[in-house]
Amino acid sequence: MDFEPTEAQQQIRTQAKALAGRFDDAYWRKCDQAHEFPWEFYEAFADAGWLGIAMPEEYGGAGLGITEASILLEEVSASGAAMNGATALHLTIFGLNPVVRHGTEELKQRILPDAAAGRLHVAFGITEPTAGLDTPSITTFARRDGDRFIVSGQKVWTSKAKESSKVLLLARTTKIEECAKRTDGMTLFLADLDPKYVTIREIEKLGRHAVDSNEVFYDDLPVDARDVVGEVGRGFYHLIDGLNPERILIAAEALGTGRVALAKAAAYAKDRVVFGRPIGQNQGIQFPLADSYAKLKAAELMIRKAAWLYDTGQPCGAEANMAKYLASEWGFEAADRSLQTHGGFGYAKEFDVERYWREVRVMRIAPVTQEMVLNFIGQHELGLPRSY
Amino acid sequence: MNIIVCVKQIPDPETPAASFKVDEAAKKVIPAQGIAPVVNPYDPQATEAALRLKDAAGGGKVTVISLGPDSARDAIKHALAMGADEGVLLNDPAFDDIDNFQTANALAAAIKKIGECDLVLMGRASADWDMGVVPLGVGQALGVPVVSVAKAIEKTANGVKVERVLDDGFQTVEAPLPAIVTVSNEFGEPRYPQLRQIMMAAKKTVQVWSAADLGLGADATGAANRVMPLEALYVPKVESNVEIIEGDSPEEKARNLAQKLRAAKLI
């Protein structure tokens, strides 16, 4: 067993940290407060070729694995960029996985080089208000019309829709009641977010204000048949291929956010003197931080294992789910403890820990809730009856 | 054009004051826990200058040298990721706790060993000790001119033309080659390494040379042979007091303040 990162992985960590370090907490505080997409940050990473880290080299990527991408996103989050920074990058890093794996050669050539270079922004339209995690219940429908499809319906939690020109969109092409299996009959499209047919409405939310999340309404949007990703009717299966890498990367982001929150707490606890001694000398402050340190280290190991399994082509569903579960649980706990350590100042925006706290909280809900992960572990790892 | 760039790894200057500690008995800085060392911030500017001069000359080689512990390899890798061609790490227990003069001699020996070299570039100072004397020592050891604090460097027919930063303006000087030029932050932003170059740099081998490889004997290295012995190392205690100057009007407060400052011989 070898826990040593490769030379390349070490350099990726060092360089990702150095570039992310150019954007300090004040930058992220401003982007968050102004609800501004972090263009300067995004372009710095795009120009240096980081967006294509896990894309094949023949399409302008670096051809690296989820291990390397997870190191990148962990360091971005740990720089203080947290989810505002990580989300700005990760949609391109893992979101286009279905196109890489199932798109036609023509589609890949047309889309991936521009996406890897940061010129093309793609949003993801999967979740619907009435379906939630029960994806087969989506009602957005694409009807065939000659050599194109006409899409109508509504999606929710479509991140970065306002900055994107395209959307990876899941729609039913066969009604659920006409399918042999309820996971059949859905198709993935790489559609234009054409304002003539698409209405975007931003959702006010708890945090991660620099990257918008939206309700998106599709009203007879025409989509060329050449923009179908993979096979018609097989969209759900194409989509689930990308779920494990997504969970691993989200876990890495929760880990990074927990790390920066904990580092701030430790620095503050050393510095802040009350009743004649640093507050970090009190076990009531010190032990929760030490406990979080140990938990984040454990979560990191699960992330590394899940990424290694994925990159070596082995099944990684349980590890990817557990990495996401542990990192988001303990990342949030670390942020909460950091806020508590800071006392009243933790509640003030200028100390930034409230921003980490708000942002890492979403990892316990998205991309899958903690409860659904426990369902998965209960059913598939422990062999217990399905509970839902 | 063959250029050698000297780089150094230093404790992160952004280390919070509470994490910065020294061991007064051992006269050493204690590395801050959990805060990785970084490349001296002036050094990527020296590398940037080297890469631009190489490009302008239409060819040549940029070699990076660092004297330091194993981890200093990262400082070399950063320069390789920016586009430098080769790297050499000067690493030996005999280099522990040596002073600026011994460092300068070791770097000069490495530069001689590399051989063909038109120009040596360094950052204007290292941001840990901030003395800026090593380049002068290397110049002395090699017997070549040193031009410090450059904001622009241009290769000319006879040598280099360097625009230097002064307290109250700029000065343009010319020097024959080979020469040493130290680069200041006014030179401009260094390029950020591309992911593709980072991967190529990761594959490159950094040569490691010991004191013996440089022909340096026991009398030239080691803390016992420092030219500049370190007498004491401590974090100065900063005490501050606040005194509110009273007065019935702003004018009276100003008068009282001026009297206080005069009494303290500050004005």
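Predicted model: local features only at pLDDT ≥ 70, side-chain atom pairs only at ≥ 80, totals over all residues.

User: Then is B:Met131 buried, exposed or partly exposed?

Analyst: B:Met131 sits in the loop between β8 (119-123) and α4 (134-142) of chain B. Beyond its neighbours within four places in sequence, B:Met131 is in contact with B:Asn100 and B:Met228. Its relative accessibility is 42%, so B:Met131 counts as partly exposed.

User: How far apart in space are B:Met131 and B:Ala263?

Analyst: In sequence, B:Met131 and B:Ala263 are 132 residues apart. For scale, the C-alpha atoms of chain B fill a box of roughly 75 × 45 × 40 Å along the principal axes. C-alpha to C-alpha, the separation of B:Met131 and B:Ala263 is 35 Å.

User: What share of the contacts in chain B with a separation of 6 or more comes from residues 24 or more positions apart?

Analyst: Chain B is built with six helices and 13 strands. Of its 267 residues, 42% are buried. Among contacts with a separation of 6 or more, the share from residues 24 or more positions apart is 73%.

User: On to the aromatics. How are the rings of A:Tyr27 and A:Trp28 arranged?

Analyst: The structure holds 14 aromatic pairs over all chains. In the one formed by A:Tyr27 and A:Trp28, the centres are 5.0 Å apart and the planes make an angle of 85°. Both residues are buried. With over 60 degrees as the cut-off, the arrangement is edge-to-face.

User: Which lysine lies over the face of a phenylalanine ring?

Analyst: There's an arginine case in chain A, with A:Arg361 over the face of A:Phe332 at 5.5 Å from the ring centre. In chain B the ring belongs to B:Phe170, and the charge lies 4.4 Å from the ring centre. That lysine is B:Lys151.

User: Which chain B residues does A:Trp50 touch?

Analyst: A:Trp50 belongs to an aromatic cluster with A:Phe23, A:Tyr27, A:Trp28, A:Phe41 and A:Phe45. Leaving out residues up to four places away in sequence, its chain A contacts include A:Ile12, A:Leu19 and A:Leu72. Across in chain B, A:Trp50 touches B:Tyr192, B:Leu195 and B:Ile198.

User: Last one: which chain A residue forms a salt bridge with B:Glu189?

Analyst: The contact takes 22 residues from chain A and 17 from chain B, and the buried area is about 1600 Å², with 56% of it from carbon and sulfur atoms. On the chain A side, A:Gln11, A:Gln15 and A:Arg22 lose the most area, together 31% of what that side buries. Two salt bridges are counted between the chains. In the one with B:Glu189, the closest N and O atoms are 3.8 Å apart, and the partner is A:Arg22.

Technical notes:
Residues numbered from 1 in each chain as written. Chains lettered and ligands numbered in written order. Heavy atoms only, no water. Phe/Tyr/Trp six-rings, centres within 6.5 Å; stacked < 30°, edge-to-face > 60°. Buried < 20%, exposed > 50% of the residue type's maximum accessible area, 1.4 Å probe, protein only. Lys NZ or Arg CZ within 6 Å of the ring centre and 35° of its normal. Contact = heavy atoms within 4.5 Å. Buried area = accessible area lost by both parts, 1.4 Å probe. Salt bridge = Lys/Arg side-chain N within 4 Å of Asp/Glu carboxyl O. Helix = DSSP H or I, 4+ residues; strand = E, 2+ residues; numbered from the N terminus.
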